[in-house]
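User: I would like to go through this structure by question and answer. Please keep it short and plain.

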Amino acid sequence: MSIGRAADNTLTLDDPAVSRRHARIEYHHGAPHILDLGSRYGTWVDGVRIERPVPLGDGSEIRLGDQVLVVRRVRSADQSAATIIVADIPGPDAAAGQRSQIQSADQPRLRPGYSLKRLSATEGARRYVLKDHRNGKFVRLAGEDATLLELLDGSHSLEELVSAAETRGGDGGGARMVRLVADLADRGMLDGVAAAGTAPAAGRGLLRPREWTWSGAPDWFERVYGGPGRLLVSQPAVLLAAALALAGLVVFPYLVLARYGTPFVVVSHLGLGGAVFLAGRIAIGAVHETAHALVLASYGRRIARGGIKLVLIFPYFFVDTSDAWFERRRRRIAVSAAGPASDLTFAGVFSLASLALPPSPVRDVCFQLAFAAYLGGLFNLNPFLERDGYHILVDLLGEPRLRQRAQAQLRQVFAGQSPARSRVLMRYAVGGLIWSTAGSLFAVALSLRYRPALEALLPPGAVWAVLAASWLTFFTPVLILVVPAMRARNRRGIA
């Protein structure tokens, strides 16, 4: 395949910066290679000027003069496709000029600045992923929905869109278009329509969550991965981390039950132990987020943003790995699992250190750090909270909005209603209720270990009041789920 300015080339590029015979693509050793034919301005592949034949892969970028060509592999309908990126309109004046022709919600228009990717058929019906570059929101779409996006160009009224969708998809096409427009509007993906829930965060002062974003975070994590970070996600490093995590799971229960160990206590001081725990939790949380970012970088993607959040008075680091939704299921699970895996690895390291050290403040500190790492790991792996473990389970089951749907079904059962039951949702809901109850009972048992320390500070009655208040707090999630539904059942007079 010859490329150049002359008309007899296989691909003719009418550009004075392109030579008459600029480059040629040939097939060598099972792969296409490109070679420069002595052009005036050279041939560049992925930003590097070539001096000899260079192999081309899916996504390779070829620059000839002022022209840029991108190599794409032909994919079947069942395979994933390349990401389609529609850039935002540059500059406020250009944006205003374009949007002046749009009648806001009367003529819905998909706002520029988005990416659309088709995943493989194994992802199920909703295999298209649409991301808004400005607000970072995602929506999963079925193939029928994705084909309707091209109609949202701002030149059709909603009535015309419904009519066009019915022409394409039959009687159900109109309802599908209405749902699609409503879904995109809720996420702020339509021009002139604000996203739902964009009101300022509730609360004042310390009660209002705060967030500080570091603009250099995506580049920084990319540089870290390009250096030592690449080694941390290599196979030998992963196997070593797994061995440390497994060793810690054996050692830590022994430390708690057979030798010593009271959480939040260092050299018999509760306050000092609490400070060590909090500092360790923040540091381990930073490593947790770094692990997410490095695994995402290993798949050639960047975090969208990163920084620090402050909830009440507690700071923690965060990274936005939402671009993992553009990857296949196995890779999404790996990105989600990277954070808890780092927690369990460091928990194992500190547990082994605590086992090996003689009685000393350093041993107490190692125990508190192991406890902080385990607490973070179990919290993030909890499949009944919308954390890493939950996202892993959603990907494994292929059940979107798993928690909300399962809890709604369980409430209906407690209220004596007869919903159309799903076995997957019911098992998840019952498992979540058992998990929450068991976790609350464990927290109650653990809280009794602090009774002697509290009795040294407070009268006996006040001690039991503090413990009872904490126990009520532990069981609040279970009570919120069960009590309102049971009251509704009693009002209806169902036995």
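Predicted model: local features only at pLDDT ≥ 70, side-chain atom pairs only at ≥ 80, totals over all residues.

User: Which helix supplies the largest share of the lining of the second largest pocket?

Analyst: On a 1 Å grid over the protein atoms alone, a pocket is an open set of points with protein on both sides within 12 Å along at least five of seven lines, and lining residues have an atom within 4 Å of a point. Helices are DSSP runs of H or I with at least four residues, and strands are E runs of at least two, numbered from the N terminus. α5 (217-232), α6 (235-259), α7 (270-298) and α8 (329-356) each give at least two lining residues. The largest share, nine residues, comes from α8.

User: How many charged residues are in the lining of the second largest pocket?

Analyst: The lining has 26 residues, and Leu 232 and Ala 241 are among those nearest the centre. Asp, Glu, Lys and Arg count as charged; Ala, Val, Leu, Ile, Met, Phe, Trp, Tyr, Cys and Pro as nonpolar; the others, Gly among them, as polar. The lining has 22 nonpolar residues, four polar ones, and charged residues: none.

User: How much space lies in the largest cavity?

Analyst: A cavity is a set of grid points where a 1.4 Å probe fits but cannot get out. Its volume is the space filled by probe spheres set on the points, which are joined across faces, edges and corners. The whole structure has one cavity of 30 Å³ or more. The space in the largest cavity is about 40 Å³.

User: Which helix gives the most to the lining of the largest cavity?

Analyst: Glu 222 and Arg 301 are among the lining residues, and Glu 222 lies in helix α5. Both α5 and α7 supply at least two residues. With three residues, the most comes from α5.

User: Which residue meets Glu 327 in a salt bridge?

Analyst: A salt bridge is a side-chain nitrogen of Lys or Arg within 4 Å of a carboxyl oxygen of Asp or Glu. Glu 327 has a bridge of 2.6 Å, N to O, and its partner is Arg 301. Glu 327 lies in the loop between β16 and α8 and Arg 301 in the loop between α7 and β15 (306-311), so the pair ties together parts 26 residues apart in sequence.

User: Is Asp 145 buried or exposed?

Analyst: Buried means under 20% relative accessible area, exposed over 50%, and partly exposed in between (1.4 Å probe, protein chains only). Asp 145 forms a salt bridge with Arg 176, which is 3.1 Å away between closest N and O atoms. Arg 176 is partly exposed at 24%. Asp 145 has 10% relative accessibility, so Asp 145 counts as buried.

User: What accessible area do Trp 212, Ile 308 and Phe 317 have together?

Analyst: Patches join residues with over 30% relative accessible area and no salt bridge: like charges within 9 Å, nonpolar side chains (Val, Leu, Ile, Met, Phe, Trp, Tyr) within 5 Å. Areas come from the Shrake-Rupley method with a 1.4 Å probe; for residues, only the protein chains shown count as cover. Phe 317, in strand β16 (residues 314-319), is partly exposed at 34%. Together the three form a nonpolar surface patch of about 280 Å².

Definitions and conventions: Residues numbered from 1 in each chain as written. Heavy atoms only, no water.
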